[in-house]
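Hi there,

Here is the structure I promised to pass on, with my notes below it. Have a look at the fold first, then read on.

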Amino acid sequence: MFYSFMRGLVRGLVAIINGNTHYQGRENLPQGAYILVGPHRSWFDPLLYALAGSPMQFSFMAKEELFKNPILRTILTKANAFPVNRQHPGPSAIKTPVKFLRSGQLSLIMFPSGTRHSQELKGGATVIAKMAGVPLIPTVYQGPLTFGRLFSRRRITVRFGKPIYVDRKLKLDEAGQKQIETQMLTAFDDLDKKINPNFHYIDPAEKKHAN
């Protein structure tokens, strides 16, 4: 109930602040649980992913430092978040999402690059997808990259691609991981071009540093 309330609140705020959101490729979302994977471009793109994938409810990983504040911990927990140590992720970083994905009650939002300032993919999403037996749904966000730019009412687009299935027989060694990573990167690039053939992502942090 809390999740539904917060989703409705965020949807209303986005409509007031921006009012120019577009969700494409929703026909590619399966009926059961899945993992949304995409490049991490802003601190609010997971919120827009969750809105775009409604009525499915999502869980997401959050750095464990956020859970030290009791109030924030309560909010995050009720919003289906779970803590992860980014420097030394333990078994729970895999076991926790696998458990709820197998139950079919929640889907998961993950950014394979880990942070907004990295383009290098990591293999956690592939491992979780294989163990849980759910597909990866490539997803991209194009739109404002800072909170202030949201007020410009610049167009926001979230687009879903076709599911990527991880064969249970696939060995997740370096070659196996590379195979899935290539599929994801190709899908991200294809989705970006379908939204805007001239799109080129520039990390705001790098742009600021360059200036």
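Trp43 sits in the loop between β2 (35–37) and α2 (45–52); helices (H or I, at least four residues) and strands (E, at least two) are DSSP runs, numbered from the N terminus. This is a predicted model, where local features need pLDDT of at least 70, side-chain atom pairs count only at pLDDT 80 or more, and totals for chains, interfaces and linings use all residues. Residues are numbered from 1 along each chain as its sequence is written, and side-chain values use heavy atoms, leaving out hydrogens and water.

Is Trp43 buried or exposed, or something in between? With a relative accessible area of 47%, Trp43 is partly exposed (buried means under 20%, exposed over 50%, partly exposed in between, with a 1.4 Å probe and protein chains only).

Now the rings. Seven aromatic pairs turn up, counting rings of Phe, Tyr and Trp (its six-membered ring) with centres within 6.5 Å; planes under 30 degrees apart are stacked, over 60 edge-to-face, the rest tilted. Trp43 and Phe44 make an edge-to-face pair, 5.2 Å centre to centre with 85° between the planes. Phe44 is buried, at a relative accessible area of 4%. Phe147 and Phe151 are edge-to-face as well, because their centres are 5.3 Å apart and their planes at 80°. Ring pairs link Trp43, Phe44, Tyr141, Phe147 and Phe151 into a cluster.

On to the inside. The largest nonpolar core has 26 residues, and Ile35, Val37, Leu101, Leu108 and Leu136 have the most contacts inside it. A core is a set of buried Ala, Val, Leu, Ile, Met, Phe, Trp, Tyr and Cys residues joined through side-chain atoms within 4.5 Å. Among the elements giving it two or more residues are β2, β4 (81–84), α4 (92–103) and α7 (174–195). A second, separate core of 23 residues includes Ala52, Phe111, Tyr141 and Leu150.

Enjoy exploring!
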